[in-house]
Protein chains: 2
Amino acid sequence: MNVVNESPRRKELTRIAAQLFVQEGFDRTTVRMLAREMGIKSGSLFHHFDDKQEILCAVIEEGTHNALTLAQAALATCGESAEARLHAMARAHLETLLTDRNAHVVALYEWRRLDEGARQHLGHLRDAYEALWQEVIGDALEAGLIRGDRFLISRFVLGALNWTVRWYDPEGPRSPEDLAHELIAMLTPQGRA
Amino acid sequence: MNVVNESPRRKELTRIAAQLFVQEGFDRTTVRMLAREMGIKSGSLFHHFDDKQEILCAVIEEGTHNALTLAQAALATCGESAEARLHAMARAHLETLLTDRNAHVVALYEWRRLDEGARQHLGHLRDAYEALWQEVIGDALEAGLIRGDRFLISRFVLGALNWTVRWYDPEGPRSPEDLAHELIAMLTPQGRA
DNA sequence: AATTTACACTAGCGCTTGCTTGGTTATGAT
DNA sequence: ATCATAACCAAGCAAGCGCTAGTGTAAATT
């Protein structure tokens, strides 16, 4: 029923659920585990969410929504050159992958556990985000910054970025900014010192 | 106990399990579903495998082993130029992602359901495969074909390739060969008609 | 003062889970 | 004929699962 996370309590519960879903996976995370981590009893959980599925949906929605917002904000302040916009999108993606890591890992790995309704609802959100990418990459193609097929490149780039959740270490020497720079350098033919 | 799939029967069971694991996910796939699909009763399943985990391990091992074999074969027959070797690796990766699709999807999505022992055993296999990539990409860097950091590029490229299981349609107009070509074109600064 | 709302509790129902046990059948070697 | 082995089955156990029903209580609303 509650599609959006209105109450701060529910938002907090969603955050905790995200962490558990990452640690254990959705199916192995029991309502009793969730409740214990939340400091309540398992029955009380169903006051906040209709069922277990809705918790998963809330987690993914939160992450995807934030990613979209951050990307739009980044595009609004990065300047107008195709390269700057490309870089802004990549950096925003990597940063949201860091700050909302749990939610995004859940979105990537547990998407298939969503039921049909939730999958459709969240699908639209995700499509809106990917449309942003295709727009920016389309601009970069027109500007002659990169070459190739718009959809193919979008998918290759998103694949490379999403894969970072597997190996990226936030404690390591490389910043998201740094990573974004290297990725763009890999894509653009122009030589660089 | 049986780490390798010796008997043809076990190999067939592994194939069936892979399909179910993709359709339903590992946790949601019950031993009863597996048995039914295999044409036996659930109890009989434990004659072939020690426990459910071992089935998962067998599926992933099969896929990773095939990928490694195919990549080595491709490198052995592709010529010696850095570009040819890069292309051969990419094509081999995409082709094994197609022919052993189920096993690879399971490896990508259900890796975390492996216990410590299996994760270590299969980790070595995967490392061997990724080492091949790093070697080929190292060669391409030395040849001046591409620029950047060897490990970073390997991971970006593997991410882009693995992501294809999300969107690639084998019935569509693009062949694995075609996709490999486009990927390499995206990476290499040299202009092309 | 009376009522509603929000949030939590206890207790447990009905069902499914992975896996075990103990025994049967078919095949093929000795 | 005897034995060994692989492959299977029927039956079911102990544990855990998502979720519900009914209740208590403090704060907010009327």
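A: A polar contact is a pair of N or O atoms within 3.5 Å; within protein, one of the two must be able to donate a hydrogen and the other to accept it, and residues adjacent in sequence count only if both atoms are side-chain atoms. Between chain A and chain B, nine residue pairs are in polar contact, counting pairs with both residues at pLDDT 80 or more. The model is predicted: local features need pLDDT of at least 70, side-chain atom pairs count only at pLDDT 80 or more, and totals for chains, interfaces and linings use all residues. Residues are numbered from 1 along each chain as its sequence is written, chains are lettered from A and ligands numbered from 1 in the order in which they are written, and side-chain values use heavy atoms, with hydrogens and water left out.

The contact (heavy atoms within 4.5 Å) draws 42 residues from chain A and 41 residues from chain B. About 3,500 Å² is buried between chain A and chain B, and 57% of this is on carbon and sulfur atoms. Buried area here is the accessible area, with a 1.4 Å probe, that two parts lose on being put together, summed over both. On the chain A side, the residues that lose the most area to chain B are Phe156(A), Trp163(A) and Met186(A), which together make up 21% of what that side buries.

Charged side chains take part as well. There are four salt bridges between chain A and chain B, a salt bridge being a side-chain nitrogen of Lys or Arg within 4 Å of a carboxyl oxygen of Asp or Glu. In one salt bridge, the side chain of Arg113(A) meets that of Glu110(B), with 3.3 Å from N to O.

Which elements give two or more residues to the side of chain A that touches chain B? They are helix H1 (8-24), helix H6 (101-109), helix H8 (150-167) and helix H9 (176-187) of chain A. Helices (H or I, at least four residues) and strands (E, at least two) are DSSP runs numbered from the N terminus. With twelve residues, H8(A) gives the most to this side. By class, the side of chain A that touches chain B holds 18 nonpolar, ten polar and 14 charged residues. In this division Ala, Val, Leu, Ile, Met, Phe, Trp, Tyr, Cys and Pro count as nonpolar, Asp, Glu, Lys and Arg as charged, and the others, Gly among them, as polar.

How are the two chains placed?

Chain A itself has nine helices and zero strands. Its C-alpha atoms fill a box of roughly 60 × 35 × 25 Å along the principal axes. Within chain A, the side chains of Arg10(A) and Glu54(A) form a salt bridge of 3.1 Å, N to O. This pair links distant parts of the chain, with Arg10(A) in helix H1 and Glu54(A) in helix H4 (residues 52-76), 44 residues apart.

Next come the DNA strands. A residue is near a strand if one of its heavy atoms lies within 4 Å of it. DNA strand C has 16 residues around it, of which Lys41(A), Ser44(A), His48(A), Thr30(B) and Lys52(B) come nearest. Phosphate oxygens of DNA strand C lie 3.0 Å from a polar side-chain atom of Ser44(A), 2.6 Å from one of His48(A), and 2.8 Å from a polar backbone atom of Lys52(B). Helix H3 (45-48) of chain A and helix H2 (31-38) of chain B are the elements that give two or more residues to this surface.

DNA strand D is also surrounded by 16 residues, the closest being Thr30(A), Val31(A), Lys52(A), Lys41(B) and His48(B). Of its atoms within 4 Å of the protein, 64% belong to sugar and phosphate. A base nitrogen of DNA strand D is 3.0 Å from an N or O atom in the side chain of Arg32(A).
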